[in-house]
Amino acid sequence: MAVETQQGGAVGQSVRKVDGPSLVAGKPLFTLDLDIPGSLVGAILPSPHAHARIVSVDTSAAEQVPGVRAILHHGNVPRVPYTTAGQGWPEPSPYDTVLFDTKVRFVGDRVAAVAAETEDAAAEALARIRVEYELLPPILSPEEALAPGAPIIHDEPDAEGIYDASHNIAAAVDIPIGDAAAALAAAPVTAEATCEIPYSQHATIEPHCVIAYFDDAGRLVVRTSTQVPFHVRRIVARVVGLDPARIRVVKPRIGGGFGSKQEVLLEPVAALLALRTGRPVRMAYTRQEVFVASRTRHPMKVTVRLGATKDGALHALEMDVLSNTGAYGAHALTVLSNVGSKTLPLYNKAPHVHFHGRAVYTNLPVAGAYRGYGATQGYFALEVAMDKLAEKLGLDPVELRRRNYIRVGETSPIFEKIGEGREGTAQIVRSCALEECLRIGAERIGWREKRGQRREEGPWVHGLGMACAMQGSGITGVDMAAATLVMQDDGSFRLLVGATDLGTGSDTILAQIAAQELGVPVDRVLVYSSDTDFTPFDTGAYASSTTYVSGNAVLRAASDVRAQILDVAAAALGERASALELAAGVVRSRKSGKSLTLSEIGHRATYVTDQRQIAATASFACPESPPPFAAFFCEVAVDRETGVVRVERFVVAADCGVAIHPQAAEGQLEGAVLQGIGHALCEEMLFSPRGRCLNAGFFDYKIPSSLDAPAIEAILVPSEEPTGPWGAKSISEVGINGPLPAISNAIYDAVGARMVRAPFTPERVRFALGVIP
Amino acid sequence: MDLPEIVRPRDLADAVRLTGEGGKPLVGGTDLFVRLRKGAERPPFLVYVGELPELRGIHETEGGVEIGAAATHVEILSAPATAQLPILRLALATIGSPALRHMGTLGGNVVNASPAGDGLVPLYLLGAQVNVVGPARERSLPVEEFVLGPGRTALQPGELIRSLTIPLPRDGAHPYFRKVGRRQALLIAVASLGALVWVEDGAVREARLALGSVAPTVLRPREVERALVGRPLTVEALAELRDALSSAVRPISDLRASADYRRRVSGNLLLDLSSLASG
Ligand SMILES: Cc1cc2nc3c(=O)[nH]c(=O)nc-3n(C[C@H](O)[C@H](O)[C@H](O)COP(=O)(O)OP(=O)(O)OC[C@H]3O[C@@H](n4cnc5c(N)ncnc54)[C@H](O)[C@@H]3O)c2cc1C
């Protein structure tokens, strides 16, 4: 459906966010803003050791602390192997976790939990739990994990789904298409890059937090800061052994997720403490706990080898990945798969492709989902290798991309071969405006005039770099979203969605999608999201799925309701429904000109004739995952004396189909780019030789501040995705894939040093420059 | 965190008495509270000296400026008297963030005695005097003698800093200050260089350098300062002294950077002084 055929146009307008005014006024309640009388405070005893067996846990002194109400540990909690990753079914991450184990696998691993009347009592009790450990040698890098004779991190017999526990391999993927090795050997021109990304943080403003309490009927309510309320319900039920029908999960306002809350961490602990004590329990991670005990990006080393003809047509593409999943395999297989599945199709012309990867256990914090989900790591190596290839070919890097990227109507074998931990789904690209993105981006940054000029300003040398990326929109064969749309007696609407707004603005976008179909202003659609008692199912806010998957469900429900409205109006006006049109809150007959307002229709259906509830529930299961595309261009200045890199300008031109809410889409791009600049220039968790995180907090772990934000120019280049709601595709992740390679390539343009290990700190850049004459 | 009780003294004498009883002076708290929270210090009580008139105010004196120990960075940055001390303003403007500059004080920065103290760098360059009051007497000592090591000063039990006296430098000094690190705000320097350079007929007449974060205290590399005299401010001429400066520093490796990098960058920062030739 073309957008132009609709009048009134909620879609494509940067309307006021439905929750904007209340947020500005500080009204909405975040998870912990609700004060449930009689709440206990829950707290967790972390492991001080990276790798150890628990010989004994003695809680007798802790139990004597006044105000202590429950203590959980491996001795009194049933052992249920599960995964903390909040994903669809069947769960692709290994069941290698239990709530409390007899072994600890990283500094910060969960040893015991306490519920007490006050924070002080909880802290005091934790201090008095005596744990005897038998220390085991820690493994602090994937290379050590793979070494022959390495200690085995997951030696428990009841784990399921680990690829090769005895060699510390959580997951492995090997996808050969054609014969890449032979094609590389025969290729006239080749290029190779190995790039490394360290442990890094999502840095959400709000930490992970939860309140577990009982409703009037004695059911357990889990109010939690999550991206995946329905997965929380399913996993908590299984892990604590409670009938899911007795659990309600509520997602209130969320202070950011970026993937870190696609994870079920505190919820089962709080639930169990509540069940044991019969009291409400509040829990929240401290920032230090967020750093070490929640989730991080998967640190990776990715090697890309490219083979091309002399005119720059890619002929062979090889990608080799070593991923560090940390102590547990949350998202190990799926993030690993996405390193290839979200990158390699971009250059679909090569007949020979080999994707090979392993995700390895170490005794370090647990990695998980993080915006970009592996693609970010993959693009760093791929796009640096492309830059090298362009140089070898003597070709403009933009032109090299142009000769190879996937066009409308084309496919890639990768779509079918690599899915979310299993086979994927064949699909063709139906919309792609990358050509325009490249053209506009290059023009904005001044690519022709400024690149290769090495303009100097004292010790500062300027350079330009670029990169391309794509992502997906939801997970094919896995994601399903549903929406219920109800027309009220006054002709306004209620939209109930399982989709989870975590600050992204999805409540607004979904209201726009419905309003467009219903021919009403956005404020006539009241949105209620993510409450497992009241809203229909949704897999959750991840994998760039909400606008596309949940949006399609909303659009279907809205068309159904629209048809019902026209039926009621047809009966009332004595006309055929096909002669009626709905716009600006009025149904009008093209034939007779007679009309009825929506409120008249709502009133009639509710109270007057042929009474019924005008409503519909519709679902959308993701049959394909249309990729958004982006071209990234940046200008950096490098100080040769100190190695300091300054990003002077960053231009990102992206194709997300039709932007439902352009300002929100631009905001997603800007935020993702800044987060990517953090990866490129400053963010890195550091560890002691015994595996303790040395900078677990914002005092020593630096994310870019407002003064570091360069001018980021986000440009939306429209296309129209025929399978998307009103032509839309996703936008939330693609923007984070560009900064690492674009900045690395720009540094190379400026000073001739290839930065392949992130972050590009002054020290690393200075070292790469060698001695200056 | 259990915060110790905060006591508000009646006057300066009372403050000195309370400090003598073991109370810890408090002004902005931007260093002290971090330390209390970490458990690095457990004083029996805190003495809030931020409102004592003797510790406040910024005024011109004969040949200099006197800054009360409890003057905040923002007050110092906006005081007319400090217009004659551009190097002080350059350095203080890089401290933390607006919020920190509103709370933090120069007195606190001096007593904190961090090798990375951005306020200390200009005080070393300008040869500031630290004016101390104690139970028995007042005394005054150069900042270089006041700071003994990381977090260590010459303050005796019961003593407070009352003010800092900063002599005005001779006319014509070019000020330079630069802090190196991963980002722009709320940054503890990996290395910093401050300088005052007088140029005459295209050659250096006098140079004062002070480096932060590359030794146990802020450092004045006097040999390099002397060697600069007579040279033009060109990259080539400065490069000849780069190694000398690198060997004058005594850095450590920590989370933020290695000793090696700090050594090299100290030398390289010297080349940046060439920017003063044009400005
Ligand atoms: C996030 C953050 C960023 C920071 N960034 C920087 C930076 O970029 N550069 C920098 O140099 N510093 C920085 N600091 C450190 C700090 O802000 C400064 O050192 C500040 O000037 C301290 O002043 P204050 O008044 O807050 O000191 P306080 O914390 O109140 O006191 C510090 C110490 O001085 C003692 N003291 C204070 N006044 C007196 C007095 N008159 N007599 C005797 N003893 C006294 C106190 O007892 C205490 O031991 C930062 C701190 C934080 C938390």
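Before you click on anything, a word on terms: helices (H or I, at least four residues) and strands (E, at least two) are DSSP runs, numbered from the N terminus. Axes are lines fitted to C-alpha atoms, for helices over the stretch in contact, and angles run from 0 to 180 degrees between N-to-C directions.

You're looking at a predicted model, where local features need pLDDT of at least 70 and side-chain atom pairs count only at pLDDT 80 or more, while totals for chains, interfaces and linings use all residues. Residues are numbered from 1 along each chain as its sequence is written, chains are lettered from A and ligands numbered from 1 in the order in which they are written, and side-chain values use heavy atoms, with hydrogens and water left out.

**Stop 1: α6 and α7 in chain A**

Select residues 229–240 of chain A for helix α6, then residues 267–277 of chain A for helix α7. Their axes are 9 Å apart and the packing angle is about 50°. That makes α6(A) and α7(A) oblique to each other (under 35 degrees counts as roughly parallel, over 145 as roughly antiparallel, 65 to 115 as roughly perpendicular, and the rest as oblique). The crossing of α6(A) over α7(A) is right-handed, meaning that the near helix is turned clockwise from the far one by less than a right angle.

Now show side chains. From α6(A), V232(A), V236(A), V239(A) and V240(A) meet E267(A), P268(A), A271(A), L272(A) and L275(A) of α7(A); contact here means heavy atoms within 4.5 Å. Sorted by class, that's 8 nonpolar, no polar and 1 charged. Ala, Val, Leu, Ile, Met, Phe, Trp, Tyr, Cys and Pro count as nonpolar, Asp, Glu, Lys and Arg as charged, and the others, Gly among them, as polar.

**Stop 2: α16 and α17 in chain A**

Next, pick residues 546–573 (α16) and 598–608 (α17) of chain A, whose axes come within 10 Å and cross at roughly 85°. So α16(A) and α17(A) are roughly perpendicular to each other. On the α16(A) side, select I565(A), V568(A), A569(A), A571(A) and A572(A); on the α17(A) side, L598(A), I601(A), R604(A) and A605(A). This contact has 8 nonpolar residues, no polar ones and 1 charged.

**Stop 3: across to chain B**

P762(A), E763(A), R766(A) and F767(A) touch Y261(B), R264(B) and N268(B). The class count is 3 nonpolar, 1 polar and 3 charged residues.

**Stop 4: the ligand**

How many residues surround the ligand? Count 32, with P25(B), T30(B), D31(B), T105(B) and D118(B) the closest; a residue qualifies if one of its heavy atoms lies within 4 Å. The surrounding residues come from chains A and B, so the site is shared between chains.

Look for polar contacts too, which are pairs of N or O atoms within 3.5 Å; within protein, one must be able to donate a hydrogen and the other to accept it, and residues adjacent in sequence count only if both atoms are side-chain atoms.

- V27(B): a polar backbone atom is 2.9 Å from a ligand oxygen atom.
- L32(B): a polar backbone atom sits 2.7 Å from a ligand oxygen atom.
- T105(B): a polar side-chain atom is 2.7 Å from a ligand oxygen atom.

**Stop 5**

Zoom to P90(A), in the loop between β3 (68–73) and β4 (103–104). The peptide bond joining W89(A) to P90(A) is cis, with omega about -5°. Then try P759(A), in the loop between α19 (739–751) and α20 (762–769), where the bond from A758(A) is cis with omega near -10°. Finish at R454(A), between α14 (447–450) and β16 (456–457): phi is near 50°, a positive value in a residue other than glycine.
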